[in-house]
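Keep the 3D view open as you read.

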Amino acid sequence: MSLTKKIDFALILKVTNANPNGDPLNGNRPRADFQGFGEMTDVCLKRKIRDRLQDSGESIFVQSDEKKTDGMTSLANRAKDKDVGLGADAFNAKKANKDDTAKKACEKWLDVRSFGQVFAFSGDGSSGISIAVRGPVTIQSAFSVEPINITSTQITKSVSGEGDGTKKSSDTMGMKHRVDNGVYVAFGAMSPQLAERTGFSDDDAEKIKAVLTKLFEGDASSARPEGSMQVLKLIWWEHNSKAGQYSSAKVHGKLKEIIEEKIKNKSIDGLIGDITEEKLTVTGNGASLKPEILDGF
């Protein structure tokens, strides 16, 4: 059975002396917009959701290089492998039906039926098949509530990685960047209408809800040491119908109003104290929509 109720959610994240999402086209500096507000892309957040789901034993199609569990070297290999995937015939235009292949992919991989996936693999001659699956779970990029301060530090290695060792080579020098302090907010939603097409269920929604509170567990690195990334709050609005009681814009707007008020009064440090059920309840159409507020892991 597919998702029975529309769901909106928001994540409040804290960064302390870490690089939450580096930009490879800008020397891996933390991402920021032209106004100085920090950003974590939706792709970055979905990567962490996939990793946490994989850690909990779920079958994931888009696996990172560091967390491959099936030995497959590419998405095409994973999809076409007869043991871990659907088999090559499932992506042969002469032997398979697109809808059947999409259905099987959704049944097999949780991230496919959640976020969707484009299967565009070349075949022999005209045998290739292209399939687009539109997922019911959407998540926006996370942006800091205030402009961030980025600290850049020059680093050196004590041993040259290249050269004959008689003098330091160019690869001994480098830069590390960090966000000193920042609170980021991301919004997301789950659509029952799209869930009907992928088979995304209430149980699947609960699985994602469970990993959202511990998004950064097992994600430590040199750029993000243990304890430097934290989920402060997960706000979960569960509507009473598939159509939803209110638009996602109005639901998410309740949290945005609190943030804007705190910024206006220059009291953003007290933001978490204002995250209450009363202030985040949406009213106006007769039936109120109360959120469930969960602390981070």
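Buried means under 20% relative accessible area, exposed means over 50%, and partly exposed lies in between (1.4 Å probe, protein chains only). The model is predicted: local features need pLDDT of at least 70, side-chain atom pairs count only at pLDDT 80 or more, and totals for chains, interfaces and linings use all residues. Residues are numbered from 1 along each chain as its sequence is written, and side-chain values use heavy atoms, with hydrogens and water left out.

Start with the rings. Rings of Phe, Tyr and Trp (its six-membered ring) pair if their centres lie within 6.5 Å; planes under 30 degrees apart count as stacked, over 60 as edge-to-face and the rest as tilted. The count comes to four aromatic pairs. One of them is stacked: the ring centres of Phe-9 and Trp-236 are 5.8 Å apart, with the planes at 20 degrees. Phe-9 belongs to strand β1 and Trp-236 to strand β11, so the pair links distant parts of the chain, 227 residues apart. Both residues are buried. Helices (H or I, at least four residues) and strands (E, at least two) are DSSP runs, numbered from the N terminus.

Phe-91 and Phe-119 make a tilted pair, 5.6 Å from centre to centre and with 40 degrees between the planes. Phe-91 lies in the loop between α2 (75-80) and α3 (98-108), and Phe-119 in strand β5 (residues 116-121), so this pair ties together parts 28 residues apart in sequence. Phe-91 and Phe-119 are both buried. Ring pairs also join Phe-61, Phe-91, Trp-109 and Phe-119 into a cluster.

Now the wider interior. In soluble globular proteins, nonpolar side chains tend to be buried together. A nonpolar core is a set of buried Ala, Val, Leu, Ile, Met, Phe, Trp, Tyr and Cys residues joined through side-chain atoms within 4.5 Å. The largest one here has 36 residues, and Leu-13, Met-40, Met-190 and Leu-212 touch the most other members. Elements that give two or more residues to this core include β1 (7-18), α1 (42-55), β10 (173-190), α6 (202-212) and β11 (229-238). The top contributor is β1, with six residues.

What does Leu-212 touch, not counting residues up to four places away in sequence? Leu-212 touches Phe-9, Leu-11, Ile-49, Val-231, Leu-234 and Trp-236. Contact here means heavy atoms within 4.5 Å. A second, separate core holds 19 residues, among them Ile-235, Trp-237, Val-251 and Val-282.

Thr-213 sits in the loop between α6 and β11. Thr-213 counts as buried because its relative accessibility is 14%. A polar atom of the Thr-213 side chain lies 3.0 Å from the backbone oxygen of Ala-210. Leaving aside neighbours within four places in sequence, Thr-213 contacts Val-231, Leu-234, Leu-294, Asp-295, Gly-296 and Phe-297.

Phe-297 also has a charge over its ring: the charged end of Lys-214 is 5.4 Å from the ring centre. (A charge sits over a ring if NZ of Lys or CZ of Arg is within 6 Å of the ring centre and within 35 degrees of the ring normal.) Lys-256 lies over the face of Phe-187, at 5.2 Å from the ring centre.

Finally, the backbone. Most residues other than glycine have a negative phi. Asn-17, in strand β1, has a positive phi of about 50 degrees. Asn-28, in the loop between β2 (22-23) and β3 (29-30), has a positive phi of about 65 degrees. Asn-17 is partly exposed at 40% relative accessible area, and Asn-28 is partly exposed at 39%.

Terms used. Polar contact = N/O pair within 3.5 Å; in protein donor to acceptor, adjacent residues only side chain to side chain.
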